[in-house]
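Please study the sequence and the structure before reading the solutions.

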Amino acid sequence: MFSVCSSITQPLSATSVKQYLRSPNYPLQYPKDKTCVWAITAPSDSYAIKIEFLAFDLQSFGSCSSSRDSLEIRDGSSHSSALIKLYCQQNKPQLRTGIYSSGRYLYLKFKSDNFQSYVIDRGFTIRYSAVLKGKSDFL
């Protein structure tokens with residue numbers, strides 16, 4: 001289970017073995033005013049990254065934006081890669097449904113704001129793995 005949180009991109013290596021990424025302190029409440037960045041890399045260009053949300057519970061306050069509690073997923077290795085989706089409490093991901101990269105990289109950025117004096121929400125758990133392109137579990 002990986003949960004190191006840093007605003008400096010943390011590299012994660014995906015394999016065919018399922019691994020887990022979670023928000024800071026999960027399953028307890030995540031801290032306010034945090035930014036966590038991860039870049040998941042598959043073994044080669046023959047693979048894509050598959051992620052599935054097993055849990056998702058972020059603080060709800062106002063509209064869904066990257067300045068609020070949110071998780072952005074990008075199709076590539078950096079913040080400038082194409083946005084797949086921005087998730088927040090008002091726009092939750094469907095649990096146990098695969099999200100795939102088009103190539104061997106996937107970028108994730110979790111942000112918690114500092115608008116509340118406390119956070120009561122638990123965050124998220126993601127299961128990730130590398131999947132061979134062209135196999136039945138790759139869409």
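**Exercises on rings and core**

Ring pairs link Y30, W38, F110 and F124 into a cluster. The model is predicted, so local features need pLDDT of at least 70 and side-chain atom pairs count only at pLDDT 80 or more, while totals for chains, interfaces and linings use all residues. Residues are numbered from 1 along each chain as its sequence is written, and side-chain values use heavy atoms, with hydrogens and water left out.

**Exercise 1.** Determine how the rings of F53 and Y87 are arranged, and which parts the pair ties together.

*Solution.* 
Step 1. Rings of Phe, Tyr and Trp (its six-membered ring) pair if their centres lie within 6.5 Å; planes under 30 degrees apart count as stacked, over 60 as edge-to-face and the rest as tilted. By this rule there are six aromatic pairs.
Step 2. For F53 and Y87 the ring centres are 5.4 Å apart and the planes stand at 70 degrees, so the pair is edge-to-face.
Step 3. F53 belongs to strand β4 (residues 47-57) and Y87 to strand β6 (residues 82-87), so the pair ties together parts 34 residues apart in sequence. Strands here are DSSP runs (E, at least two residues), numbered from the N terminus.

**Exercise 2.** Classify the pair F56 and Y87, and state whether each residue is buried or exposed.

*Solution.* 
Step 1. The centres of the F56 and Y87 rings lie 6.3 Å apart with planes at 65 degrees, so this pair is edge-to-face.
Step 2. F56 is in strand β4 and Y87 in strand β6, so parts 31 residues apart in sequence are tied together.
Step 3. Buried means under 20% relative accessible area, exposed over 50%, and partly exposed in between (1.4 Å probe, protein chains only). F56, at 8%, is buried, and Y87, at 9%, is buried as well.

**Exercise 3.** Describe the surroundings of I99.

*Solution.* 
Step 1. I99 lies in strand β7 (residues 99-100), and its relative accessibility of 12% makes it count as buried.
Step 2. Contact means heavy atoms within 4.5 Å. Neighbours within four places in sequence aside, I99 is in contact with I49, K50, I51, F53, I73, I84 and Y87.
Step 3. Y128 is 29 residues from I99 in sequence, and their C-alpha atoms are 9.5 Å apart.

**Exercise 4.** Which residues touch the most other members of the largest nonpolar core?

*Solution.* 
Step 1. A nonpolar core is a set of buried Ala, Val, Leu, Ile, Met, Phe, Trp, Tyr and Cys residues joined through side-chain atoms within 4.5 Å.
Step 2. Among the 24 residues of the largest core, I51, F53 and L108 touch the most other members.

Key:
Helix = DSSP H or I, 4+ residues; strand = E, 2+ residues; numbered from the N terminus.
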